[in-house]
Amino acid sequence: MSGPLVVLVGPMGVGKSTVGELLAERLGAAYRDTDADIVAAENRTIADIFVDEGEDHFRALERAAVRDAVAGHTGVLSLGGGAVLDPSTRALLAGRPVVYLSMDVDEAVKRVGLNTARPLLAVNPRRQWRELMEARRPLYTEVARTVVATDDRVPEEVVQAVLDALELPLPAGDTTPPHGQEKTV
Ligand code: S3P
């Protein structure tokens, strides 16, 4: 099956972009992010799209962005946190190397907090987080080949866990030592 080497899914703030960029670097592959594709195509922020035209419109843009990226990208791909809500997106992800990056609620509040750039958590983040995750956890799990917990892990450790879980071959010459075993000079 052609398509992305890795697809990262999971809630907002879990570190899909940070981990995805590092992972792409390790794999010698390109990185792509459907949120960034939408922002570039629309020339406005996601928050603005939500406010101006509502969530349904955003989800339609997102569905198309995911379809294009899955068809056209062969590196590491991150999807927006709500992309898995769409049944056709879930069908498209079946059988692909999808990794669900997870975190618990305390980690989420620590990382996302009251970040108003993320419109879904603008008010009462802790309660909204719990509700959001009750609805979405089964969907992330459904599409994922593997789950990687990010709690108390730095991005490099998450990257290594993803590489191990998917048993991805690194390009010849990769000499990055596992995190914590870097040489100090
Ligand atoms: C959303 C997550 C965001 C973005 C939008 C909606 C969601 O992406 O697509 O704000 O519904 O969880 P990130 O997961 O990259 O923050």
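A polar contact here is a pair of N or O atoms within 3.5 Å; within protein, one must be able to donate a hydrogen and the other to accept it, and residues adjacent in sequence count only if both atoms are side-chain atoms. The model is predicted, with local features needing pLDDT of at least 70 and side-chain atom pairs pLDDT 80 or more, while totals for chains, interfaces and linings use all residues. Residues are numbered from 1 along each chain as its sequence is written, and side-chain values use heavy atoms, leaving out hydrogens and water.

1. Start at the N-terminal end of α6, which is capped by D104: one of its side-chain oxygens lies 3.3 Å from the backbone nitrogen of D106. Helices are DSSP runs of H or I, at least four residues, and strands are runs of E, at least two, numbered from the N terminus.

2. Within α6 (residues 105-112), V105, E107, A108 and V112 are buried (under 20% relative accessible area, 1.4 Å probe, protein chains only). Viewed down the axis of α6, these buried residues fall within an arc of 155 degrees, so they line one face of the helix; the arc is that of the directions from the helix axis to the C-beta atoms. Their cover includes α7 (125-143), contact meaning heavy atoms within 4.5 Å.

3. Do look at S78, in strand β3 (residues 76-78). S78 counts as buried because its relative accessibility is 1%. A polar atom of the S78 side chain lies 3.2 Å from the backbone oxygen of K16. Leaving aside residues up to four places away in sequence, S78 touches several residues, including L8, Y31 and D33.

Technical notes
Buried means under 20% relative accessible area, exposed over 50%, partly exposed in between (1.4 Å probe, protein chains only).
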